[in-house]
Amino acid sequence: MFMQQMVNGFSLGSMYALIAIGYTMVYGVLRLINFAHGDIMMVGGFLGFFGIEVLGLPFAAAVLLAIVGAALLGMASDRVAYRPLREAPKISLLITAIGVSFFLENAFNVFFGGVPRAFPVPAYLEVMVEFFGLMMPMSAVIVPLLTAILLGIILWILFKTKYGMAIRALAFDVGTVNLMGIDANRVITLVFGMGSALAAVGGIFWAVNYPSVEPMMGVLVGLKAFAAAVVGGIGSVGGAVLGGLIIGFTEVVVVAFFPELGGYKDAFAFIFLILILLFKPTGILGIDFEKSRF
């Protein structure tokens, strides 16, 4: 039973990790907590639903539609809402992020209604597979593997490409990067697009595991992913993944072995957040906030 719950926790933690990476990348560049990020995840889930249910696309094509659509939305939100405030106090950016979050939630509530819609899960993702005596749905196998692949791609971009070098340079000093002839705004927009694409993948598989989509689905998930980013070390991509896994493991395992705490399962992410802020404010893998290097 313990190993079975570990697998479930690993799958849940992987979804948190995908969303947490977006938080930590945006923070690493702009020192901004993008509270609209969880709602980008919700948009990804709705785009996947729209692609399968309305356009009749196969699941893989619907995932691609969600990734592209969410990435474009993330880049558009940066261009419209955040770029004009680059030189403004950080509190202005934070309030703007909250405003973008409310806008997306209410826009989808108006156009799609607040009633949850059943997500059409492909049959092959519900197939139960046996692995060393453990029974798990195919989606529980795919999500961690996909998270590992996407993490590898993100790290390759950050450390092996010129755009990655520019992103890491922005994490040190935006002004100096501009003086060196690099278009900082374009690089920041790319960061928003990458983070939003990962959030869309997380949103799709969240809708697969809890087969429904609704406009408020990203609120609590986004807050937990933010807690995961802080626990692992905000500004560290590897820390975001580690924090997501810790939050996912804890949420699943504690409830499995202490069912009477089931009503408090959402609190464990924030208990970890409080403890980390008390005893290691930079997070498990984090360094000083002002010197974040991914």
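**The largest cavity and its lining**

In this predicted model, the largest cavity is lined by N34, A36, I40, G74, S77, Y82, V100, F192 and S196. Two elements give two or more residues to this lining: helix 3 (59-82) and helix 9 (184-209). Helix 3 supplies the largest share, three residues. Sorted by class, the lining has five nonpolar residues, four polar residues and no charged residues. The volume of the largest cavity is about 30 Å³, and the structure holds one cavity of 30 Å³ or more. Rolling a probe the size of a water molecule over the atoms shows where empty space is left.

The record gives some context for the lining. An unreviewed UniProt entry lists residues 12-33, 45-73, 93-112, 132-158, 188-208, 220-247 and 267-287 under "transmembrane region". In the model, the span 188-208 is 100% helix and 0% strand, and its end C-alpha atoms lie 31 Å apart.

Helix 6 (residues 138-160) packs with helix 7 (residues 162-172) at an angle of about 80°, and their axes are 5 Å apart. Angles of 65 to 115 degrees count as roughly perpendicular, so helix 6 and helix 7 are roughly perpendicular to each other. I157, L158 and F159 of helix 6 make the contact with G164, M165, I167 and R168 of helix 7. By class, this contact has five nonpolar residues, one polar and one charged.

How values were computed
Residues numbered from 1 in each chain as written. Predicted model: local features only at pLDDT ≥ 70, side-chain atom pairs only at ≥ 80, totals over all residues. Heavy atoms only, no water. 1 Å grid on protein atoms, 1.4 Å probe; cavity = no way out; pocket = protein on both sides within 12 Å on 5 of 7 lines; lining within 4 Å. Points joined across faces, edges and corners; volume = space filled by probe spheres on them. Helix = DSSP H or I, 4+ residues; strand = E, 2+ residues; numbered from the N terminus. Nonpolar A, V, L, I, M, F, W, Y, C, P; charged D, E, K, R; others polar. UniProt positions renumbered as here; feature names shortened; annotations may be inferred. Axes fitted to C-alpha atoms, helices over the stretch in contact; angles between N-to-C directions. Parallel < 35°, antiparallel > 145°, perpendicular 65-115°, else oblique. Contact = heavy atoms within 4.5 Å.
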